[in-house]
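Thanks for making time this morning.

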Amino acid sequence: MPMLDNPAAKYRAARPVALKDRTWPDAIITKPPIWCSVDLRDGNQALIEPMNIERKHKFFKLLVEIGLKEIEVGFPSASQIDFDFIREMVEGKMIPADVTLQVLTPAREDLITRTFEAMKGAPRVIMHVYHAVAPVMRRVVFNMDKAEVIQELTIKHARIIKALAAKQKDTQWVFQYSPEMFSNTELEFSKEACEAVIDVYEPTPQNKLILNLPSTVECSTPNIFADQLEWFHRNIKHRDSLILSVHPHNDRGTGTAAGEFAIMAGMDRVEGCLFGNGERTGNVDIVNIALNMYSQGVNPGLNFSDIDAIRTAVEYCNQIPVHPRHPYVGDLVYTSFSGSHQDAIKKAFTARKEGDIWEMPYLPIDPKDVGRSYEAVIRVNAQSGKGGISFLLHSEYGLDLPRRLQIEFSQAVQKVSDATGKEQTADDLWNIFDTEYLGNGKYVYVGHQLTEDTRAKNAVHIKVEVKVNGKPKIIEGNGNGPIDAFIHAIGEDVTLIDYHEHAIGAGSNASAVSYIELRLGAERPLFGVGIDPNIITASLKAVLSGLNRLLARSGETQEAVSA
């Protein structure tokens, strides 16, 4: 069936909240929320093949290492694996003292009882119960009116939980209630259900109740969700005895914005998954929100210093790959292929000093902060330019190409990229550079002797052994310096245009690289490059490199004219 010309005939727009004095748009996030990972429950339910116990243990250990203090470990009444995993954790005393396990149960007495059995002996537990409150669920699934939902689902099961918790006195209980489909429900009714739970649990500022407000299905723009949350934050009773939590999903692709707006709207706590795993399009991505905070100078309280190792572990446990463009963790998210982007990054890196505030084009955070090197920041393909090419040659091979040489060499790389259609790695670039500038031609350097008579006008005399078309030859010349003397010795109509040199490496293993721009007759100049431990030898090699390239181009031009 095709898309409708009039979707309004089938779909209802989300209704805005009458909150004219909303404050959340001006709020600034200055501290992290309480984080709760639901990877082992909500995320696990979304997997084609749910985690086995070995993967669950690996994931739990990872979450602890990252710094999560509240971890929803399962749905023990729905899965034997979840039940057995939790019993292993409790009986094996595998729960760190500063970590609280959370478990989920529907509002059904038999399932609540089974959940309490799973948690017997656990030191501290968040007992999380939920039931739907949305009109469509009341009408179609429960066949109950509002009053029946409050009595038969909300109050009844809160009382059951409170009574069972009182029997397991060795455990410190924290109660959590979720009015499922909060974002699809009348605000007044969500408030009524939550206040009924408050009346049963009787929270205090010292023993708070968690009210978790889920966008079970994301159904509006995130600003409307934020208005709903701020309204609730303002109007719910006993606010000082509550922890208001949010559980955003990502059906509209705005889960991260919804999570951030929720914090701005007064929420204390965020439930989500690493890299946004979860039902349908996933739960909110904890890593994304946390590193967004980090990029604004706020410590999120979670450690992602080795983001690649975290991704590898999550991919193993979930058996789902992380997309290469996924924020902060994807293979390509710190990479620029565009020539103009690369040029800006290269210049900004050159200008930056250690300790400066991070102001880097196209890089919201320093990749090194999450364990990435700069190796992949710039990668070269047919869309790239001189900035990216020179950056890679500098970072991987220590070459600082003069600007005009950058332009010249980028044209050689462009030919290869256009011909192959493939990305050019740093090694590929070096091979192109080696072929273009360091390969043999008509002239090949063998050795030289240098003498200097400071009384003479052309003080330097050079004697150079070269091969010309493979045959040994000695050439000699005088000049005001080694390069000038060598050019005179060659006897070609060559003019020196520009000269640059620098060291590669340091100490006894250092080499010198020389870049020399030459003109043959009246033709357009070209660069030659020489590398050698001796700077004079490097310069002589650079002269021959440039001359060989000029002669090769001249020969190509003559062949084209003859043809």
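The axes of helix H2 (residues 53–66) and helix H3 (residues 80–91) come within 10 Å and cross at roughly 55 degrees, where axes are lines fitted to C-alpha atoms over the stretch in contact and angles run from 0 to 180 degrees between N-to-C directions. Helices here are DSSP runs of H or I with at least four residues, numbered from the N terminus. This is a predicted model, in which local features need pLDDT of at least 70 and side-chain atom pairs count only at pLDDT 80 or more, while totals for chains, interfaces and linings use all residues. Residues are numbered from 1 along each chain as its sequence is written, and side-chain values use heavy atoms, with hydrogens and water left out.

In H2, Ile 53, Lys 56, His 57 and Phe 60 meet Ile 81, Asp 82, Asp 84, Phe 85, Glu 88 and Met 89 of H3, contact meaning heavy atoms within 4.5 Å. By class, the residues of this contact are five nonpolar, one polar and four charged (Ala, Val, Leu, Ile, Met, Phe, Trp, Tyr, Cys and Pro count as nonpolar, Asp, Glu, Lys and Arg as charged, and the others, Gly among them, as polar).

Turning to the lining of the largest cavity, helix H8 (residues 222–235) gives the most, with three residues, and the lining as a whole has four nonpolar, six polar and one charged residues. A cavity is a set of points on a 1 Å grid over the protein atoms alone where a 1.4 Å probe fits but cannot get out, and lining residues have an atom within 4 Å of a point. Among the lining residues are Ser 183, Glu 218, Phe 225 and Ala 258.

Technical notes:
Helix = DSSP H or I, 4+ residues; strand = E, 2+ residues; numbered from the N terminus. 1 Å grid on protein atoms, 1.4 Å probe; cavity = no way out; pocket = protein on both sides within 12 Å on 5 of 7 lines; lining within 4 Å.
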